[in-house]
Amino acid sequence: LGLALYAGSLFAVSGATFLYHDYCVIGAGPAGLQAAYFLQQAGRDYIVFERSHAPGSFFALYPRHRKLISINKQYTGKSNSEFNLRHDWNSLLSHDRRLLFRHYSRDFFPNADTMVRYLEDFASLLKLQVQYNTAIIHVTLEKNEQAWNGHYFLLTDQDRKSYKCSSLLVAAGMWVPNVVNFPGSEYVEGYETVSINPEDFAGQTVLILGRGNSAFETAENILGVTNFIHMVSRSRVRLSWATHYVGDLRAINNGLLDTYQLKSLDGLLEGDLEDLAIVKDKKGKLHITLRFYLEDRNISAGIDSITLPQDELDNFATRAPYDRVIRCLGWKFDFSIYNRSLRMMPGKGNIKKYPQIKPSYESRGTRGLFILGTASHSVDFRKSAGGFIHGFRYTTRAVHRLLENRHHGVPWPSTVYPITQLTNSIIKRVNEASGLYQMFSVLADIILLRENATAFEYLEEYPIGVLAELEMQTGRKARNGLFVIIMEYGRNFSGADKDVFYYNRAVGEAQHAWQSNFLHPVIYYYKHLPTEREMKRRPPDWPLPRPDAIHHIVEDFLTDWTAPNAHILPLRRFLENCLSTDLRHFFAESCFLFAFTHQKLPPFCQQGYLRMQGLVGSQELRHHAVQAGLLQDYTHTDFSGDRPPDSHDGSQEQLTRDHAIPVRPLQHLVNAKDE
């Protein structure tokens, strides 16, 4: 009887006290709020759990010195909102124009307090379902064949309340400090607690462990008041302008590089932090030594009994004692709350601080568990912007679209166009799309060709890491070939040791576009959708497998790829070669002549002129065409009858009589037609 009652109580707990939602989101930071927005717009059942009393709690403390390094460009010279997001690194995506970050700050590098206020408004104005003061302390699985993914996610908060959901979106960020343990590490102050008042460091000698933006931010704050600052890390400094990775050292924080190279006492050193040791003398000074000097010695016996490096090498670099040692080693993901059943494992090598995930941002260990935001950066670590707001706002949207297709049968959004709009569609996207621009080499536009290449279907910002799964992940078919449009830097242009300011670093001629160094569009053509095996066997540093054809649009100093000869014409010819068709646009008069002199009309004439669509000649257009050399001037021709020379019908009659008229493509009026 006791066993029966116990089993019944368990059933009651598991069946009655769990609050259920289709989607649970852990964390109300930027990624969590962005996911909530898309779920709410789609009308889904969801809840966001936030441990603090307000969203964006990370930004309430970090960065410690309060200046963000995400740019907030007020003016671009353009009114296109999608283009302007390329240079707005703080706004989240929404339909509400009030929620653009430029309305909150005019600073190029805003204050972190402004970000907190922005996130609060984003959550409140959009009425997102956020449950504050709820810290999820344990997550496990409950097997159930009826569940979306074959199991439910069971969550427990600090008050022992329980929640159940079908899909779990983890947007908790990276907030556990990276700590290196070595003898004497108890004397080290952490970035998260060290004083930010420069006066507390006046006249002191400081050693900083780390070489990222937090380390240089800390150094920048005390640069003018210290005796000198030394900075040690296992790797050399990586400058963001050389690596083209926004997470590396930014110029706003690199004052210490000046004082080091201009011999003003400060300096940088390389060494493995785990090999270090710190010994404190009677005056409170901190001496740097090496771990192996302390083997078989009692560190508490005092500094006099310990051999220091300078005892053997009298010019040892860190022989001067320090007043303070500060740890600035970044953060890592909190794995502690996840039960083993979820198989949430850390990555390997330089991505061990992140959980292991697929290119679709789904956990490798558990179906239905997705990692969003900064913690998903293992997909593009040191390659693109997926660890930052201006990157993961787009990857979060991509995950939402994958979930919409998987669980609700809503295919990936797409638009179908006639094949004559192929060139224009690509040119439009590469000139304004923000997701392609920010998540270069990670998100791509996909063009799915219809049968006989008469039309195409355009999908925006799909994760190329799962290109082989495109049909399953999007609900769209790729039976007749496809184009993949991405943005790339030159193959050998990015790296910590690269000189990105050398002479002749830019390419200007279309015939040398494949040698472009700066960010530029690249179009891959595949006759068939690449397989999973082809994706795995792609060349090193290639984002995609070898295509059947590839085209680079030459880099542009203004990132404006609209030049008729340098950008549009080579692209159009590439597309024509891939499709074996004519993608030129023509005057109605030219299509009329083609109908009498050719067995097969160009697609523009088939889909436009024969359907009573397209440009109809007028005096202004004809005058422009004559000046451009596209048509001959017949204004001085002696037309028979009473019809005026400039009439549209008269020009068509003349075309049928005079077969010597050269028929040339209309290039310059394509945009005018669209407008």
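**Figure 1. The second largest cavity is lined by Ala35, Phe38, Leu39, Leu169, Leu372, Thr396, Val399, His400 and Leu403.** The model is predicted: local features need pLDDT of at least 70 and side-chain atom pairs pLDDT 80 or more, while totals for chains, interfaces and linings use all residues. Residues are numbered from 1 along each chain as its sequence is written, and side-chain values use heavy atoms, without hydrogens and water. A cavity is a set of points on a 1 Å grid over the protein atoms alone where a 1.4 Å probe fits but cannot get out, and lining residues have an atom within 4 Å of a point. Five cavities of 30 Å³ or more are counted. H9 supplies the largest share, four residues. By class, the lining has seven nonpolar, two polar and no charged residues (nonpolar: Ala, Val, Leu, Ile, Met, Phe, Trp, Tyr, Cys and Pro; charged: Asp, Glu, Lys and Arg; polar: the others, Gly among them).

**Figure 2. H2 packs on H9 at an angle of about 35 degrees, with the axes 9 Å apart.** Axes are lines fitted to C-alpha atoms, for helices over the stretch in contact, and angles run from 0 to 180 degrees between N-to-C directions. The crossing of H2 and H9 is right-handed (near helix turned clockwise from the far one by less than a right angle; left-handed if anticlockwise). From H2, the contact (heavy atoms within 4.5 Å) takes in Pro30, Ala31, Gln34, Ala35, Phe38 and Leu39. From H9, Ile389, Phe392, Arg393, Thr396, Arg397 and His400 take part. Seven of the contact residues are nonpolar, three polar and two charged.

**Figure 3. The axes of H2 and helix H5 (residues 112-125) come within 11 Å and cross at roughly 20 degrees.** H2 is therefore roughly parallel to H5 (under 35 degrees; over 145 is roughly antiparallel, 65 to 115 roughly perpendicular, the rest oblique). The two helices cross in a left-handed sense. Pro30, Leu33 and Tyr37 of H2 meet Leu119, Phe122 and Ala123 of H5. The residues of this contact comprise six nonpolar, no polar and no charged.

**Figure 4. Helix H10 (residues 422-432) and helix H14 (residues 564-579) pack with their axes 10 Å apart.** The angle between H10 and H14 is about 130 degrees, so the pair is oblique. H10 crosses H14 in a right-handed sense. H10 contributes Leu422, Thr423, Ile426 and Ile427 to the contact. Its partners on H14 are Ile568, Leu571, Arg572, Leu575 and Leu579. The contact of H10 with H14 holds seven nonpolar residues, one polar and one charged.

**Figure 5. Tyr62 and Pro63 are joined by a cis peptide bond.** Omega for the bond is about -10 degrees. Pro63 sits in the loop between helix H3 (57-61) and helix H4 (81-84). Arg66 also belongs to the loop between H3 and H4. Arg66, a residue other than glycine, has a positive phi near 75 degrees. Most residues other than glycine have a negative phi, and most peptide bonds are trans.

**Figure 6. Asn178 lies in the loop between strand E7 (176-177) and strand E8 (189-190).** The C-alpha atoms of Asn178 and Cys328 are 8.2 Å apart, although 150 residues separate the two along the chain. Leaving out residues up to four places away in sequence, Asn178 touches Arg327, Leu329, Gly330, Trp331, Lys332 and Lys353.

How values were computed:
1 Å grid on protein atoms, 1.4 Å probe; cavity = no way out; pocket = protein on both sides within 12 Å on 5 of 7 lines; lining within 4 Å. Points joined across faces, edges and corners; volume = space filled by probe spheres on them.
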